[in-house]
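Visitor: Hi, I've just opened this one and I'm new to it. Could you walk me through it?
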Amino acid sequence: MSGIEGLIKINDPHFVVDLMYAGTMHNMTGSPVYEEIGLGNNAYVHPDLWEALKRLIPYLDKTGYRLKIYDAWRPVEAHKRLFALIPQDGFFIPEPSKSPHCRATAVDVALLDADGNEFAYPTQVDAYDAKYAKEVQAGNLKGFFEYLKKASHLYQDESIAEAIRNRDELRRLMESIGLVPVPRMHEWWHYELPEARTEKYPPLSLR
Ligand SMILES: [Zn+2]
């Protein structure tokens, strides 16, 4: 049975779906893995995660903002392909079972303003950067890991005070709907259900 059957496809004007790994423009691996496995640019989440995300709608209506979804459910076979592209610990978790994305219990997000422009954050989502993407694809992750420090919730830098405020505001918002940041706090864009990594939510494959 396909894992897709128990999931909700995000199809609501308050949310903009533009999955990183469906295309090549904002993709650290450079390979459109979600297209390759047949998922395409479709964001699926567990119904419990959709229940949480829906709680944002009054806020999004009031402000005119939208939530951009960069990643949602990552089928197990997609995760394996992603890890094969960059087989280094610290980038993708080697075991799909340890990724809440494979359990459809996590999303990678950023807020868009009323004109559809993404707010400034300390890095792009996934700490995407064209220069580092090239290095990472060549197997050199050292520079990227240094840069990744800017993606931490704990990173402080007065010269980008607005971006830090936006990061903290996104966290306040996502926590207000019952989601939590990534446990290591190293990715400002990643939010998940409090029980995202438990056996309540098994990893799911597309096929
Ligand atoms: Zn994530």
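Guide: Happy to! This is a predicted model. Starting from the N terminus, its elements run β-β-α-β-α-α-β-α-β-α-α-α-β-β.

Visitor: How many helices and strands is that?
Guide: The protein has 7 helices and 7 strands.

Visitor: And how compact is the protein?
Guide: It is as compact as a globular protein of that length, because its radius of gyration is 16 Å, close to the 17 Å that the globule rule gives for 207 residues. Along the principal axes, the C-alpha atoms fill a box of roughly 40 × 40 × 30 Å.

Visitor: What percentage of the residues count as buried?
Guide: Of the 207 residues, 35% count as buried.

Visitor: Okay, strands now. In what order do they sit in the sheet?
Guide: The order is β2-β4-β5-β7-β6, with 5 strands forming an open sheet of mixed pairing.

Visitor: Which are the edge strands?
Guide: Those are β2 (15–17) and β6 (180–181), each of which pairs on one side only.

Visitor: Let's zoom in on β2 and β4. Do they pair in the parallel or antiparallel sense?
Guide: Parallel, over 3 bridges. Within that region, valine 16 has lysine 68 of β4 as its bridge partner.

Visitor: What about the largest nonpolar core, how many residues does it have?
Guide: That core has 48 residues, and Val45 and Ile69 are those with the most contacts inside it. Several elements supply at least two residues each: α1 (33–37), β3 (44–45), α2 (47–54), β4 (66–71), α4 (76–85), β5 (106–112) and α7 (161–176). The largest share, 5 residues, comes from β5.

Visitor: You mentioned Ile69. Which residues is isoleucine 69 in contact with, leaving aside its neighbours within four places in sequence?
Guide: The contacts of isoleucine 69 are Ile10, Phe15, Val16, Val17, Ala43, Val107 and Val109.

Visitor: Switching to helices: which residues of α4 are buried?
Guide: They are Val76, Ala78, His79 and Leu82. Looking down the axis of α4, these buried residues fall within an arc of 155 degrees, so they line one face of the helix.

Visitor: Why would residues three or four places apart point the same way?
Guide: An α-helix has 3.6 residues a turn, so residues with that spacing point the same way.

Visitor: And what do the buried residues of α4 pack against?
Guide: They pack against α1.

Note on methods:
Residues numbered from 1 in each chain as written. Predicted model: local features only at pLDDT ≥ 70, side-chain atom pairs only at ≥ 80, totals over all residues. Core = buried A, V, L, I, M, F, W, Y, C linked by C-beta atoms within 7 Å. Buried ≥ 20, exposed ≤ 12 C-beta atoms within 10 Å, placed from the backbone. Helix = DSSP H or I, 4+ residues; strand = E, 2+ residues; numbered from the N terminus. Contact = placed C-beta atoms within 7 Å. Arc of directions from axis to C-beta. Pairing = 2+ DSSP bridges. Rg over C-alpha atoms; globule rule 2.2 N^0.38 Å.
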